Amino acid sequence: MKKLFLLAMFAAFAMPQSAQADVVIAAIDNWDSTTAPTVGIVATGFTATATASTSSGAWSISDSGTDPGRGSSVDTTWGTFDGNGTAASSVTDLGTANFTVTNGRPSAEVTLVINNTGSDDYDLNNFHFDAVAFRPNAPRTYTLEVLSGDITNGIVFASDAPQNDNSTNAITHLGGSLGTTHDVHDDLDISLAGLADNTLAAGESATIQIAFSNGTGSGGGHHLFLDNVGVSGAIAVAIPEPSSLALLGLSGMAMVIRRRK
Ligand SMILES: [Ca+2]
Ligand SMILES: [Ca+2]
Ligand SMILES: [Ca+2]
């Protein structure tokens, strides 16, 4: 019993204390530029900018159809994340309500630069977005990559190649029908928690890109619709260094041994 009690004491010391709830750190849901949309939501202590491009020309923010802003997400969530008090906009009747890759473009990307200019270290825990394709030839494979900066660089996640029957985890296409509402997007969350370094410490920056590929470049109306793009995270919880953990463990063992005598 004493040994169990001591082990519980050790676990209490070694476990991270009182993890904070995630918040929106940097996010876009109003798209005011086809090449450098303003990152309209930025947590206190951060700055952020974005750039965007496609394989041929720019993204579109001026849908001229009878349904301006079609392809915008109405669900107010970043992927599935409700924003913990910072909801995405439900506006869907403006061209700038979402970002569109129009037909004929096999690939496109949006790149965020996030700077922690505050005094707290933050863990970046998830990248979120809402996306759906109007028709199947749009660039529906998505790849999240940390291009540079002070979290682990490299590809975080890449979806499979798209199929006409939506049988893979690539972005869903609607076969040319938006249905009765705009609330038809895939809600996508990509975890950053598995990175060796997902902590954007005070003074650190990271450049994170979501890229869309495997479009065929052919066909009319094969658009990709993107909205509610954001990164979430929380103040980093101090975890004891491995050396101090080892010391705690050794002292715990010594106490057990002493009490057994
Ligand atoms: Ca929006
Ligand atoms: Ca959503
Ligand atoms: Ca870091």
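Okay, so let's start with the open sheet: five strands in the order 3-5-11-7-8, with antiparallel pairing. Its edges are strand 3 (46-54) and strand 8 (154-158), and each of those pairs on one side only. From one strand to the next, the twist averages 15 degrees, with axes as lines fitted to C-alpha atoms and angles running from 0 to 180 degrees between N-to-C directions. By pairing I mean that DSSP finds at least two bridges between the strands.

Quick caveat: this is a predicted model, so local features need pLDDT of at least 70 and side-chain atom pairs 80 or more, while totals for chains, interfaces and linings use all residues. Residues are numbered from 1 along each chain as its sequence is written, with chains lettered from A and ligands numbered from 1 in the order written.

Inside the sheet, strand 5 (residues 108-116) and strand 11 (residues 205-213) run antiparallel over eight bridges. One of those bridges joins Thr-111 to Gln-209 in strand 11.

Zooming out, the chain has two helices and twelve strands; these are DSSP runs, H or I of at least four residues for helices and E of at least two for strands, numbered from the N terminus.

Now, Thr-100, which sits in strand 4 (residues 99-101). Buried or exposed? Buried, because 25 other C-beta atoms lie within 10 Å; the cut-off is 20 or more for buried, 12 or fewer for exposed, partly exposed in between, with C-beta atoms placed from the backbone. Beyond four places in sequence, its contacts include Trp-59, Asp-63 and His-223, where contact means backbone-placed C-beta atoms within 7 Å.

Definitions and conventions
Two residues are in contact if their C-beta atoms, placed from the backbone, lie within 7 Å.
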